[in-house]
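Subject: Structure handover

Hi,

Here is the structure for you to take over. My notes on it follow below.

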Amino acid sequence: MNYRRLGRTGLSVSEVGFGTIPILRGSVPVLPDYYNLSDEEALTVMEHAYRLGCNLYDTAIVPEYGDAEIKLGKFAARIGREKIIISDKARFFDGNEIYLAGKASCENLGTWADLYFVHQVDAAHEEAVFQKGGALDALSELKQEGVIRFAGVASHYYDILLRGARDFRVDVLQASGNLLERGMLERMKAEPLFREKGILINKVYAAGLLPAFFPVETLLGAVLSYPVSCALIGIGTTGQARAAFGSHEKMDQIPGFDQVLSVLDREFSPIPCDRCQRCVCPYGTEIHTVFRQYQYFHLGKEYWALRKLDMGIEQSARRCRQCTEMPCLAMCPAKIRIPDEIEKIYRLVQVYYHPDRHPDNSKAGNESITSKTHKSMV
């Protein structure tokens with residue numbers, strides 16, 4: 001296992017970190033159906049990763065991640081607290097709420113958190129996080145009290161991460177990216193401000209979908225080719241731990257974006273969007289997120305992707321038809337015909353999620369969601 005500097009924290013972290021979603025138990029939305037580990041099973045998997053060189057373990061507050069935080073605390077006590085780095089987070093944006101969450105997390109862990117993130121920061125909550133008395137001020141207070149060591153912002157949005165990179169209160173950032181969705185990683189690479197912060201990257205396997213198309217070594221090598229500190233992988237078995245934390249040869253060449261698209265093109269026609277987030281819809285549609293759900297539908301998360309798309313695709317398609325300026329077309333570096341793709345995705349949702357509403361359902365009815373090829377996680 002190789003190790004990297006975590007920004008200016010003084011910490012050295014394993015290039016691959018342990019994501020604890022798969023070890024949790026509890027009735028929570030993030031719980032994968034195929035995992036339900038007992039305490040002893042979870043501790044065995046975490047210890048296996050530790051023996052392979054992993055020293056960073058990422059979790060989140062109860063109940064968001066079920067009992068994963070509690071299990072990680074038990075593991076820290078078993079293995080020796082000073083031997084690992086704990087990354088924790090909570091989805092609270094108000095200063096009072098995140099302050100209490102940080103205290104609760106450390107009670108659950110039975111120890112301090114090395115890193116503590118304001119989780120899932122988006123445009124709707126950005127000001128609450130960064131304003132005076134907001135979440136970041138609260139994390140600064142927790143640092144002074146010794147409850148946490150370093151404060152962070154976790155987000156899927158480049159502009160918010162950039163604001164975090166400019167903020168002296170922020171020590172670490174957590175972003176998302178992978179071999180396919182590399183646009184934000186490219187932008188972060190080009191911006192010197194990010195070099196001052198420790199950076200953790202999640203969604204390396206794209207919700208467990210990409211290992212069906214590319215070797216784990218390629219997926220890890222792609223993310224670690226960028227100036228980041230650690231790639232976070234959700235681990236639920238000792239086999240997955242060996243795949244993620246075992247010995248990997250350094251890759252001389254990472255597949256280019258066009259090469260990735262050509263591999264996926266064997267299964268479906270991917271939209272050539274790398275989620276750079278440069279396209280901004282005047283009506284508020286998150287174009288890159290809609291495109292991601294379309295890709296995920298074809299990569300194996302059919303029902304989940306359709307359910308997400310159904311929350312707004314009809315309105316987005318209607319607004320797209322009414323838009324006369326179409327600034328997104330000029331903003332897109334890939335020159336994607338965005339209105340055409342939005343309309344295509346709208347029709348896909350009608351065919352597969354609302355077949356009773358769609359006049360052409362008979363043409364597509366022969367191929368149901370359940371009969372589509374499912375890609376299993378390695």
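Eight strands close into a barrel in the order β3-β4-β5-β6-β7-β8-β9-β10, with parallel pairing. Strands count as paired if DSSP finds at least two bridges between them. Helices (H or I, at least four residues) and strands (E, at least two) are DSSP runs, numbered from the N terminus. On average, neighbouring strands of the sheet are turned by 30° against each other, direction ignored.

Axes are lines fitted to C-alpha atoms, for helices over the stretch in contact; angles run from 0 to 180 degrees between N-to-C directions. Of the 9 residues in α8, 8 are buried. Buried means under 20% relative accessible area, exposed over 50%, partly exposed in between (1.4 Å probe, protein chains only). The buried residues of α8 pack against β1, β3, β9, β10 and α9.

This is a predicted model: local features need pLDDT of at least 70, side-chain atom pairs count only at 80 or more, and totals for chains, interfaces and linings use all residues. Residues are numbered from 1 along each chain as its sequence is written, and side-chain values use heavy atoms, without hydrogens and water.

Mean pLDDT (the predictor's confidence in each residue, from 0 to 100) is 90, and 90% of residues reach 70 or more. Over residues 361-378 it is below 50. Where pLDDT is low, the predicted coordinates should not be read in detail.

The largest nonpolar core has 117 residues. Such a core is a set of buried Ala, Val, Leu, Ile, Met, Phe, Trp, Tyr and Cys residues joined through side-chain atoms within 4.5 Å. Helix α15 (residues 338-352) gives the largest share, 8 residues. Phe291 is among those with the most contacts inside the core. Beyond four places in sequence, its contacts (heavy atoms within 4.5 Å) include Ile271, Ile338 and Ile345.

The whole structure holds 22 salt bridges. The criterion is a side-chain nitrogen of Lys or Arg within 4 Å of a carboxyl oxygen of Asp or Glu. Arg78 bridges to Glu40 at 3.2 Å. Arg78 sits in helix α2 and Glu40 in helix α1, 38 residues apart. Arg78 also meets Glu47, at 3.9 Å.
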